[in-house]
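Subject: Structure for your review

Dear colleague,

Please find below the structure that I am handing over to you.

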Amino acid sequence: MRNIVDQVNQNPDRPVDDVLETMHAIMHLYRSVQQRSLRDGPNDLAHMEVKALGFFARHPGATQSDLVAHSGRDKAQVARQIRALRERGLLDAEADEQDRRSSRLRLSAEGKAVHAALHSNDGRLKEQALQGFTDEDKGALLALLGRVRANLQSMPE
């Protein structure tokens, strides 16, 4: 595999104490590698399509409205994603027994296989990202990031 580094948002002159910018750069690089593997892989899925597959893997029988509420995305955008995933045979739909206008969605057999392959690829990516970290290192990093999250969540709206 070619070593391609995304240079967007890379600034070697940034101050050492710019923690949030570093976190942003790490996530940007992680998503870039993830997107490249999706683009170069056999499934050719967009990032949000992968997210939708993951949602229905975790919530089989959920509706399109459930995904809209969970993702905060526009209804029309989600509708296009669902339609594309159904056309590709990755999602199955059945009418909701309580409301026939609504469909309950779940991964098809092929959707489950694609999701498992994507999940495996994510596992390899996470493993690479944390290579050389001990369990203690990972615990410390999670604790520190948890503090950053809590600080931001405690801010008044």
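The notes below describe what was found in this structure.

Please bear in mind that the model is predicted.

Overall make-up

The protein contains six helices and two strands. Read from the N terminus, its elements follow the order α-α-α-α-β-β-α-α. Of its 157 residues, 24% count as buried. The accessible surface amounts to about 11400 Å², and carbon and sulfur atoms account for 51% of that area. As for contacts between residues at least 6 apart in sequence, 46% of them join residues at least 24 apart.

Salt bridges

Side chains of opposite charge can pair when their charged atoms come close. Two salt bridges are present in the structure. One of them joins the side chains of E94 and R106, with an N to O distance of 3.7 Å. This pair links distant parts of the chain, since E94 belongs to strand β1 (residues 91-95) and R106 to strand β2 (residues 103-107), 12 residues apart. E94 has a relative accessibility of 45% and therefore counts as partly exposed. R106 is likewise partly exposed, its relative accessible area being 32%.

D96 and R104 also form a salt bridge, and their closest N and O atoms are 2.8 Å apart. Here D96 counts as buried because its relative accessibility is 8%, below the cut-off of 20%. R104, at 29% relative accessibility, counts as partly exposed.

Aromatic pair

The structure holds one aromatic pair. The rings of F55 and F56 are arranged edge-to-face, with 5.1 Å from centre to centre and 80° between the planes. Both F55 and F56 are buried.

Helix α5

Helix α5 covers residues 109-129, which makes 21 residues.

Which residues of α5 are buried? They are G111, V114, L118, D122 and L125. These residues lie on the same side of α5, because they cover an arc of only 75° around the axis. The face turned away from this buried side carries the exposed residues A109, K112, H119, R124 and E127.

With kind regards

Definitions and conventions
Residues numbered from 1 in each chain as written. Predicted model: local features only at pLDDT ≥ 70, side-chain atom pairs only at ≥ 80, totals over all residues. Heavy atoms only, no water. Salt bridge = Lys/Arg side-chain N within 4 Å of Asp/Glu carboxyl O. Helix = DSSP H or I, 4+ residues; strand = E, 2+ residues; numbered from the N terminus. Buried < 20%, exposed > 50% of the residue type's maximum accessible area, 1.4 Å probe, protein only. Phe/Tyr/Trp six-rings, centres within 6.5 Å; stacked < 30°, edge-to-face > 60°. Expected span 1.5 Å × (residues − 1). Arc of directions from axis to C-beta. Contact = heavy atoms within 4.5 Å. Areas by Shrake-Rupley, 256 points an atom, 1.4 Å probe, with all protein chains shown as cover.
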